[in-house]
Amino acid sequence: MAAGSPIGGIPCLLIEIVKEPVGGSAGLGFSIGGGIDQDPSKNPWAPDDTGIFVTNVMPDGPAARAGLNPGDKILQANGYDLTMATHKDAIKYLTKKKEQVIRLKIFRPDILRTRGNPSM
Amino acid sequence: METESVRSGNSSYVSHRSHRSRDKHRDRKRRSRGDHNHSSSLLKADRSVTIQTPPHSTTGGGDGEDGEEVIEVQILPQDDNWGDNTTAITGTSEQTSMEDISRMAKDMEDSIGLGSIQHLGVVIATMLSFFAFLTPIAFVVLPLVLWKETLDPCNTVCHGLFISFAFKLLILLIGAWALFFRRPRVVMPRVFVFRSMIMALVFVYTLSYWLFYGVRVLDERPSNYQDIVQYAVSLVDALLFIHYLAVILIELRHLRPQFIVKVVRNTDGENRFYHVGQFSIQRAAVWLLEQYYRDFPPYNPALMHIPTRAPKQLTGFKFYDVDGNPGNASASQTRAMIAAAGRRHESIHKERYYEEQEYERRVKKRRVRFVCATEEAFTHIKRLSEERGPAVPMDPHEAAQAIFPAFARPMQKYLRVTKQQPYHTMDSILKHLAFCIVHDCTPKAFLERYLTPGPSIQNESEIHKKQKWTLVSDLPLHNSLEPGMSFALREQSFSLLVTVMRIPTIKLKEDYQDPKSNKFVLRLQSETSV
């Protein structure tokens, strides 16, 4: 944490993914699970966390190239808050057709050891 | 009013007198008769000692084994605590038919007139009730007979009273008949407290009314007839209320369940649980015996040991000397025997397990053969109306005899393996078969009697025997049941152990569940790929 940076808040990672829509899918190349309407006890990374988590990243997809890992918690997607979103709402925010680029704010437990600049 | 088995209804009056003489008789008889244990008299617990004499003495006694003789000596308890009621072994016997009365007459030398006292009690109770019933009628009739001239003529109110008097008497008669005129089934050892209380009440009421009547009416001879009739009506009312009290005490009080009672048969562990209301020990015993005949299968002593096909003896091991070494034979033998004994101790469990398996398989095989044979035999019989073609009409008994040989042999083998053959004679089987044929029973309905051992009451041979039970308890028999109490009901070959437990007090609370509160959420864990 750099000196002078605000205290509090969650350190997160910014990842930009360029969509490659193929056919019907949105083209981001990962799967998400979780949501406030889902059962958080099944979450293998953070039980009792009702946030949106990345469960699966397709190899050689846009998300894998952007550095997304399974187990990442998505805090924001293009400014839309996903920490208190239902599963369907999260999918809606992630798959808006008008947006070609998705900017995700990611949290992962070992965030301070990852390459890239952790930002607030 | 009560003419039910008020056996000892008035024995409370008589028992004080005869108790002492009964004891004297008892002791004399016991000393002269040695170890004869008669359970129909009031006995205290006997203590007996068995002395084994060394082989060379030749004092009397029973069988000896290897020259030893066994003498049984009974230490008769001294009579110093005859007033003590702590241990009482008393007899209850059911079914007082003519044979019972004659048998009781025989028993009278042991227990001086216990049977005759109980019969006397019934007779006295009946007479007392009749007397009490006829009293109001006498009250009304006597003035008419004795001093008719001076009586006022009977006006409307008086006639009305007559009508109510007549109807109340009729109701009393019907009530008494409905409830109390029953064939006595049960003889109880001690005074039935409630009954004697009721009879005492009746006696006191009637006596006091008669006294009043005698003094005020018969002496003074009042001319107001209406008053006399009213007086008689009040007596009938009082008798009706006593009847009500009798109904409550004798019939209703024990219907609400207060205890749960566990009855275990000590020979084969059959147990049942019953709801029991507030009873005294002897009445509870009577009630439980009635349930026993319905619920318990008959005790079959032959079923205690699983029969083995070929009993194998492992005790005799033969030792063969292979090495031909005469010197070490004994040492190796003993070691081998000890090892064999150790192995045998474990193999007892295995043997037992396999024996039981084997027995069950045999029973099942024979049962299947029996059932198949019976079903096939039943197909040979058809009703005359359903049969087309030439037919020889037979009555049911002949029909039964005609098809019986078809399954007689498998039936006999099955009954033998389940040790039931003493309960079913050929006659009873044929009778049952004829009965089933008459009522269009299927083979399964006919067989249910033999495949499952039903309640004890089904075995007729046991019913015609007199049922003699002994109630063993260390508390006086008048006591009400208390939780934790236990007593035993002994029969000749087994006894029933009874323990009393209280039903827990239930506190029931109300909780309202709004139907609108039945809402549910779906708990999912879905994964979607974007």
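Predicted model: local features only at pLDDT ≥ 70, side-chain atom pairs only at ≥ 80, totals over all residues.
1. Among the 120 residues of chain A, 41% count as buried. The chain exposes about 6,800 Å², and carbon and sulfur atoms supply 55% of that area.

2. His87(A) belongs to helix 2 of chain A, which covers residues 87-94. This histidine counts as buried because its relative accessible area is 5%, and the cut-off for buried is under 20%.

3. The side chain of His87(A) makes a polar contact, at 2.4 Å, with the side chain of Thr528(B). Leaving out residues up to four places away in sequence, His87(A) also touches Ser526(B) and Glu527(B), while its partners within chain A include Ile32(A), Gly33(A), Asp37(A) and Gln38(A).

4. The largest nonpolar core has 39 residues, and those with the most contacts inside it include Phe139(B), Phe165(B), Tyr213(B) and Val229(B). Helix 3 (114-146), helix 4 (156-180), helix 5 (193-218) and helix 6 (225-252) of chain B are the elements that each give two or more residues to this core, and helix 6 of chain B provides the largest share, 14 residues.

5. Val229(B), when its neighbours within four places in sequence are set aside, is in contact with Cys158(B), Leu161(B) and Phe162(B). Another core, of 26 residues, lies apart from the largest one, and Phe279(B), Tyr299(B), Met485(B) and Val500(B) are among its members.

Definitions and conventions:
Residues numbered from 1 in each chain as written. Chains lettered and ligands numbered in written order. Heavy atoms only, no water. Helix = DSSP H or I, 4+ residues; strand = E, 2+ residues; numbered from the N terminus. Buried < 20%, exposed > 50% of the residue type's maximum accessible area, 1.4 Å probe, protein only. Polar contact = N/O pair within 3.5 Å; in protein donor to acceptor, adjacent residues only side chain to side chain. Contact = heavy atoms within 4.5 Å. Areas by Shrake-Rupley, 256 points an atom, 1.4 Å probe, with all protein chains shown as cover. Core = buried A, V, L, I, M, F, W, Y, C linked by side-chain atoms within 4.5 Å.
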